[in-house]
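Have the structure open as you read.

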Amino acid sequence: MQLRRATTAGAFLLTLTLLTTLTEAHNITRLLAKHPEFSTFNHYLTLTHLAADINDRTTITVCAVDNSAMSALLSKHLSIYSIKNILSLHVLLDYFGAKKLHQITNGTALAATMFQATGSAAGSSGFVNITDLKGGKVGFSPEDNDGNFPSHFVKSVEEVPYNISIIQISTLLPNQAAEAPTPAPAELNITGIMSAHGCKIFADTLLATSDAFKTYEDNLNGGLTVFCPMDDAFKAFLPKFKNLTVAGKAALLEYHGIPVYQSMSMLKSNNGLMNTLATDGASKFDFTVQNDGQQVTLRTKLVTARITGTLIDEQPVAIYTIDKVLQPKELFKGALTPAPAPAPEKPAHAPKKAKHAPSPVAEQEADSPAASPDEDPADQTADDSNGAVRVGRLGFGGFVFTSVWLVFSLL
């Protein structure tokens, strides 16, 4: 009896631990909202969409500066894109609480930043040097500091141990690479970016289709997200593409873009139907965005594609690579309803019944579209996995119900 009670208590504690873990997701804007001296810094984290990227991380340190330090930055009249680069230099991809800052191994550490992770930083210019100085001070500087530390640790603002730490530093870190002028969206060569990163066939096809290319260019300033199929995928699709009408070719290319900016964290949180550049009144041309953990998929009635990489993610433009060509039902309706098989001719004499005749269920499974050898094996696997029971798909409420049931079953 005592053993059973101990087991029940252990299961209950495990449930509470798991529930606590699920509810510890941080929100940088809410944490900083409690401290009005950082209101300008907080505002620009939201404006540059860095806040969403920070919330998507599980181990992170934000080096915040007060309103006066932000006023000095804004007086330079930099573009919003350069401001984003500068602030991303102050987001460390590791946890540094006040205690850890004074207990750095060998007294110094080199921390990677979100600016380094974007790929915009030349070489290692996106790293920050943190050094425990004499007299209890902690200095911060760009990697190449020549022994100078322009900024110092002031205080700890908020700490959720090993999850997120918000610390105040005395001033923004200088960094020429971060402050360098960033091309305006209209100056971006999106086809050049795609061509240089494994999507050359899609980019060349887009350039050759003037109507579709103009639609992409017209949306650069207002917001644009592109899902470009990798070369192997688009090359395999070319025979189908060539059979489309001129209007159909333009629509398919426009189907791979959406007229709003969507960062990866936004895609993960905005699951559901999404309109595309090809959407026009009755012609829906939409697809479903769905994520399973860190994996984001795009689903049409005919195919499921996975996002495999990020080529650029700088508001208002984001370009992602996908592993399949998206096929809208508006262009490939025939693939949704295969033609019925012709009725068999009536035999002159009915054959004798076999001893082990296949059951009607087995015949139905054999004739089902899912068993068709023409279907993409990857799609079959995706469909099968989507039918399986997953804890992630149960949602938070389902998880709570399952956990409580487990506890009471042990009573």
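Q: In what order do the seven strands of the open sheet run, and what is the pairing?

A: The order is 9-8-14-13-12-11-10, and the pairing is mixed. A strand here is a DSSP run of E with at least two residues, while a helix is a run of H or I with at least four, both numbered from the N terminus. This is a predicted model, where local features need pLDDT of at least 70 and side-chain atom pairs count only at pLDDT 80 or more, while totals for chains, interfaces and linings use all residues. Residues are numbered from 1 along each chain as its sequence is written, and side-chain values use heavy atoms, with hydrogens and water left out.

Q: Why do strand 9 and strand 10 stand at the edges of the sheet?

A: Strand 9 (257–258) and strand 10 (272–274) each have a single partner strand, so one side of each has no neighbour in the sheet.

Q: What makes strand 13 and strand 14 a pair?

A: Two strands pair if DSSP finds at least two bridges between them. Strand 13 (residues 304–314) and strand 14 (residues 317–322) have six bridges in the antiparallel sense, so they qualify under that rule.

Q: How do you know that strand 11 and strand 12 pair, and what lies between them?

A: Five bridges join strand 11 (residues 287–292) to strand 12 in the antiparallel sense. The two form a hairpin with two residues between them, and Gly293 in the turn has a positive phi of about 70°. Asn291 stands opposite Val296 in strand 12.

Q: What makes strand 12 mostly covered?

A: Four of the five residues in strand 12 (residues 295–299) are buried, a word that means under 20% relative accessible area, with exposed over 50% and partly exposed in between (1.4 Å probe, protein chains only).

Q: Why is the contact between Glu37 and Lys155 called a salt bridge?

A: The rule asks for a side-chain nitrogen of Lys or Arg within 4 Å of a carboxyl oxygen of Asp or Glu. For Glu37 and Lys155 the N to O distance is 3.5 Å, so the pair meets the rule. The two are 118 residues apart, with Glu37 in the loop between helix 2 (28–33) and helix 3 (39–47) and Lys155 in strand 6 (residues 151–160).

Q: Why does Glu37 count as partly exposed?

A: Glu37 has a relative accessibility of 28%, so partly exposed is the label. Lys155, at 35%, is partly exposed too.
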